[in-house]
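Open the model in your viewer and keep the selection tool at hand. The tour goes from one stop to the next.

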Amino acid sequence: MALVNEHFLKLPNNYLFADIAKKVNAFKAMNPKKEVISLGIGDVTQPLCPAVVEALHRATDEMATQTGFRGYGPEQGYDFLREAILKNDFLPRGIHLDINEVFINDGAKSDTGNIQELVRWDNSIAVGDPIYPVYIDSNVMIGRAGVVENGRWSNVIYMPCTAENNFVPQIPDRRVDIIYLCYPNNPTGTVISKEELRKWVNYALKNDALIFYDAAYEAYIQDESIPHSIYEIRGARKCAIEFHSYSKTAGFTGVRCGYTIVPKDVTASTLTGERIALNPLWNRRQCTKFNGTSYLSQRAAEAIYTAEGKKQVKQTIDYYMHNAHYMKRSLLDLGLRVYGGEHAPYLWVKTPDGMTSWRFFEQMLYDAQVVCTPGVGFGPSGEGYIRLTAFGQHESTERALERIKKWL
Ligand SMILES: *Cc1c(COP(=O)(O)O)cnc(C)c1O
């Protein structure tokens with residue numbers, strides 16, 4: 001008899017976005033004539049930029065020739081892309097990495113979910129709350145998160161990120177083995193300063209902890225004093241693994257490509273106290289379970305680093321940030337408390353009069369036909385907030401804000 005991994009059964013069945021879709025569909029069924037605008041989705045809407053499209057065409061034509069055809073590529077990714085990453089994302093910031101510290105991925109979700117395989121099941125984990133659900137759920141599946149009680153996992157340390165602490169968690173008062181941080185943050189759209197991030201790196205070094213740092217939104221940072229990478233902080237290459245993605249940077253949610261940095265100085269301990277470098281372990285893991293990101297995707301990603309590519313990608317980011325600024329201004333004018341939206345495509349809005357996240361979601365759907373994401377869906381500290389995304393078309397975003405204005 002095959003026994004199932006019962007940890008999977010602990011996961012709540014209903015996925016947040018499925019719940020939202022159910023409620024939206026129910027509304028649409030009752031109000032077939034009313035147009036619903038979604039500011040809830042976390043997906044991009046603008047097409048790939050011309051430099052990327054040309055690179056895809058070129059790579060496809062190459063693959064159609066006898067000499068240009070490529071089969072399996074290196075599991076770690078092609079050097080042309082790894083080199084472009086070092087040269088463009090790190091060297092200009094004074095960060096020196098070895099090419100073998102760069103692992104091309106098929107988007108950051110896989111690696112943020114899989115990285116926890118490198119450490120024992122009984123490590124303690126801490127997460128910012130609210131949070132991108134992948135970090136916790138991947139730990140649940142392996143049995144590290146314990147059991148769920150009142151919307152909290154018993155073995156997960158939740159570090160509240162609220163307006164009171166400027167959405168940067170307090171350093172834990174006890175030892176934690178593994179810390180997940182994400183800045184610029186999904187869902188709150190807020191950032192961390194170098195000084196605050198330095199406190200985390202120092203905590204990790206002092207307590208022999210690991211930081212898994214998700215930088216999926218770094219391309220949205222508008223102010224150079226805000227760190228794009230945790231390796232801007234001295235000592236981070238001893239304690240941090242960092243995840244990047246081209247999904248939000250360049251509209252690659254359907255193309256699939258990103259990268260993970262595993263510095264050679266990052267180690268974890270055996271029970272007998274021997275230090276083991278995680279870089280060769282991750283390499284071994286990838287060679288066994290991953291056969292590389294497609295050549296086409298990697299050539300497409302390389303094109304982002306050309307002069308035209310950079311300019312075009314920035315235009316699209318500006319397009320979304322224009323939405324974000326417009327949304328933020330409009331909502332502030334209405335007297336709402338609004339956070340984020342300056343260096344990230346997300347706005348985190350406090351619900352008025354102590355309304356719950358779901359109640360605000362339903363009222364906005366019924367009275368304004370605008371869809372948001374209830375903050376509580378991202379963790380207990382998200383209660384009393386909603387998330388709005390700036391990934392929509394300008395016109396429909398403006399229309400949505402007009403309706404919210406009328407409603408409030
Ligand atoms: C979108 C997102 C990712 C990246 O997802 P991909 O798999 O690269 O498409 C990673 N982390 C966070 C927090 C995200 O919002």
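Select helices α5 (108-114) and α8 (247-250): each supplies at least two residues of the shell around the ligand. The model you are looking at is predicted.

Now show the whole shell. It holds 14 residues, and the closest are Ala108, Tyr217, Ser245, Ser247 and Lys248. Colour the shell by residue type and you get six nonpolar, four polar and four charged residues.

Which residues place a polar atom by an oxygen atom of the ligand? Start with Tyr217, where a polar side-chain atom lies 2.6 Å from a ligand oxygen. Go on to Ser245: an N or O atom in its side chain is 2.6 Å from an oxygen atom of the ligand. At Lys109, look at the backbone instead, where a polar atom is 2.9 Å from a ligand oxygen. On its own the ligand has 380 Å² of accessible area, and the protein covers 93% of that.

Next, select Tyr231, in the loop between β8 (210-214) and β9 (240-245). Is Tyr231 buried or exposed? Its relative accessibility is 9%, so Tyr231 counts as buried.

The next stops are salt bridges, of which the whole structure has 19. Select Arg285 and Glu117, whose closest N and O atoms are 3.2 Å apart. This pair links distant parts of the chain, with Arg285 in helix α9 (residues 278-289) and Glu117 in the loop between α5 and β3 (125-129), 168 residues apart. Arg285 counts as buried because its relative accessibility is 11%, while Glu117, at 29%, counts as partly exposed.

Then select Glu35, Arg399 and Arg403, which are linked in a network of salt bridges.

Finish on the surface with Val4, Phe8, Leu9 and Met141. These form a nonpolar patch with about 390 Å² of accessible area together. Met141 belongs to helix α6 (residues 134-141) and is partly exposed, with a relative accessible area of 31%.

How values were computed
Residues are numbered from 1 along each chain as its sequence is written. This is a predicted model: local features need pLDDT of at least 70, side-chain atom pairs count only at pLDDT 80 or more; totals for chains, interfaces and linings use all residues. Side-chain values use heavy atoms; hydrogens and water are left out. A residue is near a molecule or strand if one of its heavy atoms lies within 4 Å of it. A polar contact is a pair of N or O atoms within 3.5 Å; within protein, one must be able to donate a hydrogen and the other to accept it, and residues adjacent in sequence count only if both atoms are side-chain atoms. Accessible areas come from the Shrake-Rupley method with a 1.4 Å probe; for residues, only the protein chains shown count as cover. Helices (H or I, at least four residues) and strands (E, at least two) are DSSP runs, numbered from the N terminus. Ala, Val, Leu, Ile, Met, Phe, Trp, Tyr, Cys and Pro count as nonpolar, Asp, Glu, Lys and Arg as charged, and the others, Gly among them, as polar. Patches are made of residues with over 30% relative accessible area and no salt bridge: like charges are joined within 9 Å, nonpolar side chains (Val, Leu, Ile, Met, Phe, Trp, Tyr) within 5 Å. A salt bridge is a side-chain nitrogen of Lys or Arg within 4 Å of a carboxyl oxygen of Asp or Glu. Buried means under 20% relative accessible area, exposed over 50%, partly exposed in between (1.4 Å probe, protein chains only).
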